[in-house]
Amino acid sequence: MELFWWLFTIVVFAVGLIGTVLPIFPGTTIILAAAVIHRMMLGSEQSISWITISVLVLLTVASYAFDFLGSYFGATYFGATRWAAFGAVVGAIVGIFFGIVGLFVGPVIGAVAGKFIAGKRMIDAGRAGWGSLLGNLGAMMGKLFVALVMITIFFMSVPSPL
C-alpha cells in the first residue's frame, strides 16, 4: 500500500507542476494537498513532519502573491499609473476565469483600460499592457520555481520508502 501512496503523490505532483503553468489547476495547492494526503495515509514515521507541511503552506501562499504582484509591478515598471496597475490586477482576476489566454490577455486589457481611464495616450497604454504581460510571465516562472522548491523539500524531508 505504501507504494501506491508514493505513486499517487508523484502523479499529483506532476499535475501540480502543470497547474503552475496552466491556470486550469491551482498548482501549488495541488502539490500541498498531495503532501498532506501522503502524511495522512502513511503516518508520521513514513512521511513528512507537520513543520514541513507548515513550510509548504507558507510557500503555497507566497506563490499566490506572485499572480497579483506580477501584474502590478510589471505594469508600474513600464510607467503605468495607479489606474493601469489597478486595471492589470482586475484584469488578472477576471482573466483567471478564461483559462490560459485570459491569464495573459486579461491583465494587458486591464492595464490598457486603466491607462485610458487615466486619460493617457495609446502608446503609454500599450507600454503598460506590455509591462503587465511581462510581469505575468515572471509571476508564472516564480510560481513554477516555488512549486519545484516545494517538491524538493518534500523529497528531502520524507524518509526513503526502500
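**Reading the model together**

Modeller: Gladly! The protein has six helices and zero strands; helices (H or I, at least four residues) and strands (E, at least two) are DSSP runs, numbered from the N terminus. This is a predicted model, so local features need pLDDT of at least 70 and side-chain atom pairs count only at pLDDT 80 or more, while totals for chains, interfaces and linings use all residues. Residues are numbered from 1 along each chain as its sequence is written, and side-chain values use heavy atoms, with hydrogens and water left out.

Colleague: What share of the 162 residues is buried?

Modeller: Buried means under 20% relative accessible area, exposed means over 50%, and partly exposed lies in between (1.4 Å probe, protein chains only). Here, buried residues make up 41% of the 162 residues.

Colleague: How do I read a pair of aromatic rings?

Modeller: Such a pair is described by the distance of the centres and the angle of the planes. Rings of Phe, Tyr and Trp (its six-membered ring) pair if their centres lie within 6.5 Å; planes under 30 degrees apart count as stacked, over 60 as edge-to-face and the rest as tilted. By this rule, there are eight aromatic pairs. One of them joins Phe4 and Trp5, edge-to-face at 4.9 Å centre to centre with 75° between the planes. Phe4 is partly exposed, at 44% relative accessible area, whereas Trp5 is buried, at 15%.

Colleague: Why is the pair of Phe154 and Phe155 edge-to-face?

Modeller: Their ring centres are 5.4 Å apart and their planes stand at 80°, so the pair counts as edge-to-face. Phe154 is buried, with a relative accessible area of 0%, and Phe155 is partly exposed, at 38%.

Colleague: Which residues touch the most other members of the largest nonpolar core?

Modeller: A nonpolar core is a set of buried Ala, Val, Leu, Ile, Met, Phe, Trp, Tyr and Cys residues joined through side-chain atoms within 4.5 Å. The largest one has 19 residues, and Phe13, Ile31, Ile48, Leu56, Met150 and Phe154 touch the most other members. Two or more residues each come from α1 (2-21), α2 (27-42), α3 (50-77) and α6 (122-157). Of these, α2 gives the most, with six residues.

Colleague: What is Ile48 in contact with, leaving aside its neighbours within four places in sequence?

Modeller: Contact means heavy atoms within 4.5 Å. With those neighbours left aside, Ile48 is in contact with Ala35, Arg39, Ile53, Leu56, Phe154, Ser157 and Val158.
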